[in-house]
Amino acid sequence: MTVLITGGAGFIGSTLARALLARGDSVIGVDNLDPYYDVSLKEARVATLTGNKNYAFHKLDIADREAMQALFKSRPDIDHVVNLAAQAGVRYSLVNPYAYTHSNIEGFLVVLECCRALPRLKHLVYASSSSVYGGNKKMPFSTEDRVDNPISMYAATKKANELMAHTYSHLYRVSTTGLRYFTVYGPWGRPDMAACIFAKAILEDKPIPVFNNGDMRRDFTYIDDIVAGTIAVLDRPPAIGAEGQPPYKVYNIGNHSTEPLMRYIQLIEQALGKTAAIDFLPMQPGDVRETYADIEPIQKDCGYQPKTTIDEGVPKFIDWYRSFYKR
Ligand SMILES: NC(=O)c1ccc[n+]([C@@H]2O[C@H](COP(=O)([O-])OP(=O)(O)OC[C@H]3O[C@@H](n4cnc5c(N)ncnc54)[C@H](O)[C@@H]3O)[C@@H](O)[C@H]2O)c1
């Protein structure tokens, strides 16, 4: 199959591209190499893919309607699209909310419009987020729960993506699946996420910032599990229902294990062989205390089975971190 991945230079997008190429698919990566974090890391990820004859990369903004339409028109062989391009990060959405409407709303609308015009499209999979659950208290988070109370613009744009996808599944019968990713970590990870922030600070003998005085829990999910799950979903486009219901699904994709943040930090310390100095701070606006994914539907429908505990995943991440940053 031919898969167009937006956000193709990103953490999840580049790892997904590698796995799809390995099984013989053709991949088109699209990314504007946004400077939100170190562009050289994005370029290094793309450089691991460009030698493959089945891979093409296009540097463009998904909100650029004309450029996107021209690209989609030039590749009528595209049969699967994975939209991962987005302005990510909860905290930055309090600083620069417009970046979120640009990429996550305007950009996603362009992707939907391009998809509806694709002659052979079988499935559009797009990234939603565990943040749509906002401050929900009922655990684990289920896709049956109400998610009408976002507490950051990031979460609001991800929930909006689910509504927009539903509209296109209803109006134009585009098969869409939204994936609510839960705290993804591992090799090639994002410098703005906890694992990288902590590893860097510990190695530089600087204190690590820990919010809500360390009383946080996350359903940390290893990148290889995320990629395997995303592919399992990609291969199973939802069908139109017996009573004409739109071909539309939303799944949680997590590890189904909520871990204390302090244990995650201990594993990073152990893997680095160094103790962290911790700067305990109050809860950050927009942030949530706990995430925990109910993954039964994606297990049942797609055979998704996360395999990597944080005890195994954190040392693998640190091995990559040390070798990539030569520390
Ligand atoms: N990593 C996680 O823990 C996590 C959790 C929940 C949801 N998600 C979502 O999954 C997706 C991928 O996340 P990631 O961790 O790989 O993030 P990432 O930032 O590494 O990747 C996103 C990529 O999209 C690109 N991009 C941003 N705006 C763009 C635009 N307008 N046009 C083209 N490219 C653009 C960026 O340059 C970046 O390379 C995102 O939608 C994110 O919101 C990630």
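Reader: Which side chain does the side chain of Arg-180 make a polar contact with?
Author: That of Tyr-133, at 2.8 Å. Bear in mind that this is a predicted model.

Reader: Where is Arg-180 found?
Author: In strand β6, which covers residues 176-181.

Reader: Is Arg-180 buried or exposed?
Author: Buried. Its relative accessible area is 4%, and the cut-off for buried is under 20%, so Arg-180 qualifies.

Reader: How far is Arg-180 from Leu-163?
Author: Their C-alpha atoms are 13 Å apart. Along the chain, 17 residues separate the two.

Reader: New topic, the ligand. Which residues come nearest?
Author: Asp-31, Tyr-37, Tyr-154, Lys-158 and Val-184, out of 30 residues around the ligand.

Reader: What polar atoms sit by the ligand there?
Author: Start with the ligand's oxygen atoms. A polar side-chain atom of Asp-31 lies 2.6 Å from one oxygen atom of the ligand. For Tyr-154, a polar side-chain atom is 2.7 Å from an oxygen atom of the ligand.

Reader: How much of the ligand's accessible area does the protein cover?
Author: 97% of it. On its own, the ligand has 820 Å² of accessible area.

Reader: What kinds of residues make up the shell around the ligand?
Author: There are 16 nonpolar ones, seven polar and seven charged.

Reader: What about Ser-131? Where is its place?
Author: In the loop between β5 and α5. Ser-131 is buried, because its relative accessibility is 13% and the limit is under 20%.

Reader: What does Ser-131 touch?
Author: Beyond its neighbours within four places in sequence, Ser-131 is in contact with Val-90, Tyr-154 and Ala-155. Tyr-154 is also one of the residues that come nearest to the ligand. The side chain of Ser-131 makes a polar contact too, at 2.9 Å, with the side chain of Ser-129.

Reader: Which residues does the cis peptide bond join?
Author: Met-139 and Pro-140, with omega about -15 degrees. Pro-140 lies in the loop between β5 and α5. Most peptide bonds are trans.

Reader: Which residues have a positive phi although they are not glycine?
Author: Asn-213, at about 50 degrees, and His-256, at about 55 degrees. Most residues other than glycine have a negative phi.

Reader: Where do Asn-213 and His-256 lie?
Author: Asn-213 is in the loop between β8 (208-210) and β9 (217-218). His-256 is in the loop between β11 (248-253) and β12 (259-260).

Reader: Exposed or buried?
Author: Asn-213 counts as exposed, at 52% relative accessibility. His-256 has 38%, so it counts as partly exposed.

Reader: Last one, the inside. How many residues has the largest nonpolar core?
Author: It has 70. Ile-5, Tyr-181, Tyr-264 and Ile-298 have the most contacts inside that core. A second, separate core has 26 residues, including Val-30, Phe-72, Leu-112 and Tyr-168.

Reader: What does Ile-5 touch?
Author: Leaving out residues up to four places away in sequence, its contacts include Leu-16, Leu-20, Val-27, Val-82 and Leu-84. Val-30 is among them too.

Technical notes:
Residues are numbered from 1 along each chain as its sequence is written. This is a predicted model: local features need pLDDT of at least 70, side-chain atom pairs count only at pLDDT 80 or more; totals for chains, interfaces and linings use all residues. Side-chain values use heavy atoms; hydrogens and water are left out. A nonpolar core is a set of buried Ala, Val, Leu, Ile, Met, Phe, Trp, Tyr and Cys residues joined through side-chain atoms within 4.5 Å. Buried means under 20% relative accessible area, exposed over 50%, partly exposed in between (1.4 Å probe, protein chains only). Contact means heavy atoms within 4.5 Å. A residue is near a molecule or strand if one of its heavy atoms lies within 4 Å of it. A polar contact is a pair of N or O atoms within 3.5 Å; within protein, one must be able to donate a hydrogen and the other to accept it, and residues adjacent in sequence count only if both atoms are side-chain atoms. Accessible areas come from the Shrake-Rupley method with a 1.4 Å probe; for residues, only the protein chains shown count as cover. Ala, Val, Leu, Ile, Met, Phe, Trp, Tyr, Cys and Pro count as nonpolar, Asp, Glu, Lys and Arg as charged, and the others, Gly among them, as polar. Helices (H or I, at least four residues) and strands (E, at least two) are DSSP runs, numbered from the N terminus.
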